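Please find below a short note for a colleague who has not looked at this structure before. The points are numbered so that each can be checked against the display.

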Amino acid sequence: MTQDLHAGLSHRIHLVTGKGGVGRTTVAAALATLAAQRGKRVLVCEIGDPEGGPSPLGRLFGREQLTPDPEPLGPERLFGCHVWATRGHELFAHSVVPAGPLIRTALRSKTLRKFVAAVPSLYELGVFFHLLTLLKETREDGAPQHEVIVADMPATGQTLALTSLPEILLDALPDGPIPRYMREGQSYLNDPAQCAAWVVTLPEILPVTEAEELIEGLRATHVQPAGVFLNRVPEDPFDAEERAALEELLAREEIHGELAFRRTSLARDARRRLVEASDLPVVELPDHPDLSANDTDALQKALVARLGERLDRSPS
């Protein structure tokens with residue numbers, strides 16, 4: 001049975017993932033903006049090294065960089081931050097060894113950071129712990145500081161490395177502080193009532209194949225996929241009879257516009273494949289050939305409007 005889009009968007013935690021270059025950062029920013037417009041206190045975060053160059057997520061809100069600490073992004077109730085492995089290592093170290101500034105200084109040395117990045121699971125452990133800390137933040141009245149958290153996750157392989165981390169470490173380390181925090185993280189990320197994963201893809205053969213594999217991988221790591229965003233779908237002005245007539249014509253001769261026509265066929269095939277393979281809602285996001293990739297503000301507004309329209313049409 002097709003799951004309900006409304007239910008998917010009502011979760012507290014949204015993990016937005018997909019193949020590189022499919023537009024997941026733009027989708028994550030649009031989801032966060034829409035939730036803030038609808039009255040929620042929202043944190044949108046990206047994962048990586050804040051010193052590694054300009055922030056793709058920050059640029060959608062007019063900033064070159066985001067910091068590891070949540071800061072206002074401009075729209076009311078919307079905050080952003082960088083989930084950083086080094087910050088997670090610091091927080092974890094402080095939770096088990098009260099050594100303060102010495103640990104901070106050691107963990108921020110470039111040599112140690114390179115070493116940590118090269119050791120399997122240590123990088124993911126830092127990211128996991130920083131994200132867990134943000135999830136646990138509360139206000140004075142005990143309510144969650146962030147009513148909605150939208151994470152712009154890394155590409156497919158790194159996302160699955162993060163979602164599989166708790167099981168891997170719990171198998172290797174059954175006792176101690178790390179397993180305790182892994183179980184706590186699982187109570188958020190493996191709870192289908194709190195956490196939803198959204199897969200972003202393009203209406204092309206290879207991205208759709210990778211999206212199908214990613215959905216299977218998320219389910220294998222006990223993170224519930226809530227839906228698929230099929231991005232940059234071209235407008236299809238033809239009905240079934242017109243498409244059949246065009247197919248007959250193209251079989252006889254070459255005509256201008258064939259490539260654009262084929263793109264609409266690919267988009268229909270992609271949607272059918274995703275629905276049949278995943279049994280998830282597929283939200284089509286239109287292509288905007290009139291806007292360039294640098295028109296981030298216009299693209300963002302168009303996407304937020306499309307998501308809001310799609311959500312309002314879904315049963316609540």
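**Notes on the cavity, salt bridges and surface**

1. The structure holds one cavity of 30 Å³ or more. The model is a predicted one. The volume of the largest cavity is about 70 Å³.

2. Which residues line the largest cavity? They are L15, V127, F128, L131, M153, L162, T163 and L189. The largest share comes from α7, with three residues.

3. Helix α4 spans residues 85–96 and includes H89. A polar atom of the H89 side chain lies 2.7 Å from the backbone oxygen of L122. H89 has a relative accessible area of 11%, so it is buried.

4. Salt bridges number 17 in the count for this model. One of them joins R87 to E90, with 3.7 Å between the closest N and O atoms. Both residues belong to helix α4 and sit three residues apart, about one turn of the helix.

5. Are R87 and E90 buried or exposed? R87 counts as buried because its relative accessibility is 13%, and E90 is buried because its relative accessible area is 3%. The cut-off for buried is under 20%. R87 and E90 are also linked with D69 in a network of salt bridges.

6. E276 is exposed, since its relative accessible area is 59%, whereas R272 counts as partly exposed at 41% relative accessibility.

7. E64 and R59 form another salt bridge, in which the closest N and O atoms are 3.1 Å apart. Here E64 is partly exposed, with a relative accessible area of 46%. R59 also counts as partly exposed, at 45% relative accessibility.

8. What forms the nonpolar patch on the surface that includes I205? I205, L206 and L266 form it, and together they have about 310 Å² of accessible area. I205 is found in helix α11, which covers residues 205–220. With a relative accessibility of 53%, I205 counts as exposed, because exposed means over 50%.

Terms used:
Residues numbered from 1 in each chain as written. Predicted model: local features only at pLDDT ≥ 70, side-chain atom pairs only at ≥ 80, totals over all residues. Heavy atoms only, no water. Patch = residues over 30% accessible without salt bridge, like charges linked within 9 Å, V, L, I, M, F, W, Y side chains within 5 Å. Areas by Shrake-Rupley, 256 points an atom, 1.4 Å probe, with all protein chains shown as cover. Salt bridge = Lys/Arg side-chain N within 4 Å of Asp/Glu carboxyl O. Helix = DSSP H or I, 4+ residues; strand = E, 2+ residues; numbered from the N terminus. Buried < 20%, exposed > 50% of the residue type's maximum accessible area, 1.4 Å probe, protein only. Polar contact = N/O pair within 3.5 Å; in protein donor to acceptor, adjacent residues only side chain to side chain. 1 Å grid on protein atoms, 1.4 Å probe; cavity = no way out; pocket = protein on both sides within 12 Å on 5 of 7 lines; lining within 4 Å. Points joined across faces, edges and corners; volume = space filled by probe spheres on them.
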